[in-house]
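Open the structure in your viewer and keep the selection tool at hand. The stops below say what to select next and what is there.

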Amino acid sequence: MPRFFFWMAEVMSKKIDAELVKKVAKLSRLELTETEVAEFANQLSAILDYVEKMEQLDTTDVQPLAHCLPISNCLRDDCAKPSLGTEKILENAPDTDGDFFKVPKILD
Amino acid sequence: MDCNCKKLRDDIAAGRIKSAEAVEAVFDTIEKNDSKIGSYISTFKEQAIANSKQLDEKISTGKSAGILAGTPIAIKDNMCTTFGATSCASKMLENFHAPYNATVVEKLISAGAIIIGKTNMDEFAMGSSTENSALLKTVNPWNTQCVPGGSSGGSAAAVAAGMCSAALGSDTGGSIRQPASFCGVVGLKPTYGRVSRFGLVAFGSSLDQIGPITQNVTDAALMMNVIAGHDPADSTSVDEKTAPVCDCLEKIDEPIGNLKIAVVPQFNTGADGDVQKAINEAIEVYKKMGAEIVEIDMPHLEYSVAVYYIVATAEASGNLARYDGVHYGHRAEDIENYIDVYCKSRAAGFGKEVKRRIMLGTYALSSGYYDAYYLKALKVRNLIRGDFLRAFEKCDCVLIPTCPTTAFKFGEKMDDPLKMYLSDVYTIAANLAGVPAISIPCGFDGNDLPIGLQLMAPAFGEDKLLRIARMFESKTDWHKRRPPII
Amino acid sequence: MENLEYKIIVGLEIHVQLLTKSKMFCSCAISFGERANSRVCPVCVGMPGSLPVMNKKAVELSALAGMALNCKIAKFTKWDRKSYYYPDLPKNYQISQYDLPLAAAGFIEIPLENGQTKTIRITRAHLEEDAGKNLHTTGNFSQVDLNRAGTPLLEIVTEPDLSSAAEVRSLAVELQRIVRYLGVSEADMQKGHMRFEPNVNLHITKDGKEYKTPIAEIKNLNSFRAIERSVDYEVQRQLDEFSRTGITMETGNKTTRGWDDDAGKTVLQREKEEANDYRYFPDPDLVPVEFTDSWLAEIRAGLCEMPIKRQLRFVNEYDLSDYDAGVLTAERTTADFFEEAVKSGGQSKRVCNLLTQVGLKMANEANCSAAELGITAENLAKLAKMADGGQISATAAKTIMEKMTQTADEPKVIAEQLNLIQKNDTAELEVIVEKILAENAKAVEDVKSGGKKSKAAKGFLLGQVMQKTKGRANPKVVAEILERKL
């Protein structure tokens, strides 16, 4: 079969279609253009195809490793220290109302 | 002026050179060259000179000025400083002024370092070429058509071009070592947990580590002496009891006897011809010094890229959720409701690579895909770590190339993210296993671009790793070559 | 409306604010009512580069509460990120515990109206950080205050073992008593220290078939009364809805309903069509918590007799009514104070009356506990003895007890100072009685004539004697003399 058809087959079996990209974008709170949606569908599919190489390995008895540290119980004594203060914390805020951060009306 | 760190520090401490002179000289170089190279997002000339003068005064009265005594140091723009912005080379944080200093910044200052500026990087440290900076283009001082590597491209270029004595970078999957290799300088990624991450803007929290980029191995050892150690503000920084901090400088010139170096058959092919040739020659150098070369199988390393691009992006999707235009950072203008604040601000504030990785990470964690991607990746990560633990039972360090190629041209890999990701194949494993790894100059390719040699050692073995690297450096002079631009 | 046979099924989700000085992951002080955004720092605002560090006390209090709820405490537990976007959640993820909660599989015993107890199973209890507060203004915007963000919370989840509004209330009261006993929480519902979210539905039998109504989760409950009323309301509402529409768990969605206390009803907040995708994953910024046996033993030492057991013991051991025993054991310090006074020789019922009728009222006015009024248990016992022995009247005991909060003097000294010692001297009192009888011939006649008037006349004569003695005559003795003389 010519190379082209392999490529076509790959595109057809895409892991992530536009709809899924939109769903993930919503979860990620990212507004995407239609062009970006199409682009991400292709790129993420290609990356996931590659990533699935992990499936070659049998990991039945392998523990997941979230980090490599040999430590636990990094604890702090319960002492209160001075805070940063309202002015300082609001310095970087894009919008404020008095002592508050300000956002458009939140509707549940 | 030779501005390497150790020598300059000795000269300043001995009163042979004034810190203010050194700092001013470095700013002369920056003013002359950085418009071409683009290392710095921000510089602090006035503050730096004022600080260096204060330091000179201190030295003149015979007081100790700290172990970095007046040397000009650059830091990557993802480390928080109370002076200047901390932008992460992102539109999102372009105007963010941190209300605190990162622990490493505090350590540098108390060691007498003069922080002269903050360097360019791939946005939020995501990238391998610094092309993902939303604020600035950085070129490779060896060839301005080529990328400096990334994500700490600004730091590596600044060190290579003599625009600072040493710099700090951060390394999540090779972001210190790969640009160091591309720019012909030394880059060390310490053991995970060795250097505090407090104040380092997080990308992949279980992988991120701050480390030095320097002109030579001795400077890297000096910098490690300043920045290593437990920090109560970082739960993942290891305490003194678990892993005492070693003096990396003390025995830096003492070769290691009965040195056993491992080469990995899985990584014997795949690199460019010139790169492989330089690596083979480096092996010969070690052999001549009496090192024994052993071949050790590390069968799971080839899965590193796959594991990394799930683990790092999953963590990043969480870490970058906070950039939402509510409490700080960029907020889009055309907001109609509070959901818009999120979706539009993030759409406008983040570049494409950042969005791509947030998407990938969110997907890998979302319901229905978690087990197949994220959990699977954590399991394979354990296998990769196992490869290292087994290897280090039989050798002192593992030797592989830092990168499969030398610096590539701008735009070459920008359209194909997977191709870009795959270029990290040699550096990622050390992050996944948490072990220290260093890249040192070991030759040049046919186009006069630098090649990097990578050495990886057991966790918390930075002192030994640096000595092994120094052994090679003492027998070669690749590190003495300077790019044509200066 | 048709008469349906049904069972009420309620499970609870409870958030308990832990009694710590500082927040869960940073050193900001716990606040209530301070200036907005004043108790915040880079960590609890989720600023770039900031990192969490666990509060030891919060971990210990959680384990203690878990033990009191008869849970298994996990030897190994870890932190997870729960992702969702909301302006009061600065990192847009909450640090919580997902698959390995700190405590699991326990139970709580609650008192029932019929005097028996019922066991309610506890599914799990885990530690997490609280969010800030969104304030909805009258304008077209909302305000965000992050003072509360990062406050340590213990989330307790029960099995759906509760089958009436009264039981739900009983559990709430009992849990409040427990956490206050242990010093785990102030548990002030008005201040949001304890938040109850009942999940209510009904199992309805109709025509021999069982139907389950969709679960409603009720929020905004800030009093025990609201808890009980809301569940009662919800039961009626679901019955009505089922009768009208026949909607069941299978055909309808789970809903969240808010309690409107003024209107006395629950109001639909949102309908959950699909489960939220929280994308839980291990927080890479924190290390696991491992409980060693010695640490657990240290925490266990903080346990005490649980209030429900103590209440039962008070009934049996001190011959108190269930009601009085309940009042005395509501607070640990009060119960301790009571037992100490009894041990010092006070008659239990007398001590109980003094405490419940006088002490608690004063404590309430002074906004402290009865044990903190400044009265020693020994002096309380002495006071009880005086009242018991007839040396003082009940009214005098109250006056003396009030005085005791202001002075360290013994009750006897105070009684003498205030001239409150009762006249018990029969000879002296007989003289007075004779005199009164002589002065009130009409009343004496009434008594002697018997019938209705007799009793009233006796009371009148007794009153005259008391008046004559300025209330200091022991009424028991006077009554005896009167009886004899008439």
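Select B:Ala89, which lies in the loop between strand E2 (72-76) and helix H4 (103-110) of chain B; helices (H or I, at least four residues) and strands (E, at least two) are DSSP runs, numbered from the N terminus. The phi angle of B:Ala89 is near 55°, a positive value in a residue other than glycine. This is a predicted model, in which local features need pLDDT of at least 70 and side-chain atom pairs count only at pLDDT 80 or more, while totals for chains, interfaces and linings use all residues. Residues are numbered from 1 along each chain as its sequence is written, chains are lettered from A and ligands numbered from 1 in the order in which they are written, and side-chain values use heavy atoms, with hydrogens and water left out.

Stay in chain B and go to B:Ser151, in the loop between strand E3 (114-119) and helix H5 (153-160) of chain B. The peptide bond that joins B:Gly150 to B:Ser151 is cis, with omega near 10°.

**Chain A against chain B**

Next, show chains A and B together. How many residues of each chain are in contact? Chain A brings 53 residues and chain B 67 residues, where contact means heavy atoms within 4.5 Å. About 5,400 Å² is buried between chain A and chain B, and carbon and sulfur atoms give 71% of that area. Buried area is the accessible area (1.4 Å probe) that two parts lose on being put together, summed over both. On the chain A side, select A:Met54, A:Leu65 and A:Asn92: these lose the most area to chain B, together 13% of what that side buries.

Now pick B:Lys352 and A:Glu39. They form a salt bridge whose closest N and O atoms are 3.3 Å apart; the term stands for a side-chain nitrogen of Lys or Arg within 4 Å of a carboxyl oxygen of Asp or Glu. The interface of chain A and chain B has 5 salt bridges. There are also 18 residue pairs in polar contact between the two chains, counted with both residues at pLDDT 80 or more. A polar contact is a pair of N or O atoms within 3.5 Å; within protein, one must be able to donate a hydrogen and the other to accept it, and residues adjacent in sequence count only if both atoms are side-chain atoms.

Colour helix H2 (18-27), helix H3 (34-51) and strand E3 (100-104) of chain A, the elements that give two or more residues to the side touching chain B. H3(A) gives the most, with 10 residues. That side of chain A divides into 34 nonpolar, 7 polar and 12 charged residues. Here Ala, Val, Leu, Ile, Met, Phe, Trp, Tyr, Cys and Pro count as nonpolar, Asp, Glu, Lys and Arg as charged, and the others, Gly among them, as polar.

E9(C) and strand E10 (residues 141-145) of chain C run antiparallel, joined by 4 bridges. To see one pairing, select C:His136 and its bridge partner in E10(C), C:Ser142.

**Chain B against chain C**

Move to chains B and C. The contact takes 38 residues from chain B and 30 residues from chain C. The area buried between them is about 2,700 Å², with 61% from carbon and sulfur atoms. In chain B, B:Ser235, B:Arg322 and B:His327 lose the most area to chain C, together 23% of what that side buries.

How many salt bridges are there between chain B and chain C? The count is 1: select C:Asp285 and B:Arg197, whose side chains meet at 3.1 Å, N to O.

Finish on the open sheet of 3 strands in chain C, with the order E6-E5-E17 and antiparallel pairing. Strand E5 (residues 80-83) of chain C pairs with E17(C) over 2 bridges, and C:Asp80 stands opposite C:Pro282 in E17(C). H9(B) lies across E5, E6 and E17 of chain C, running at about 60° to E5(C); axes are lines fitted to C-alpha atoms, for helices over the stretch in contact, and angles run from 0 to 180 degrees between N-to-C directions.

Conventions: Pairing = 2+ DSSP bridges.
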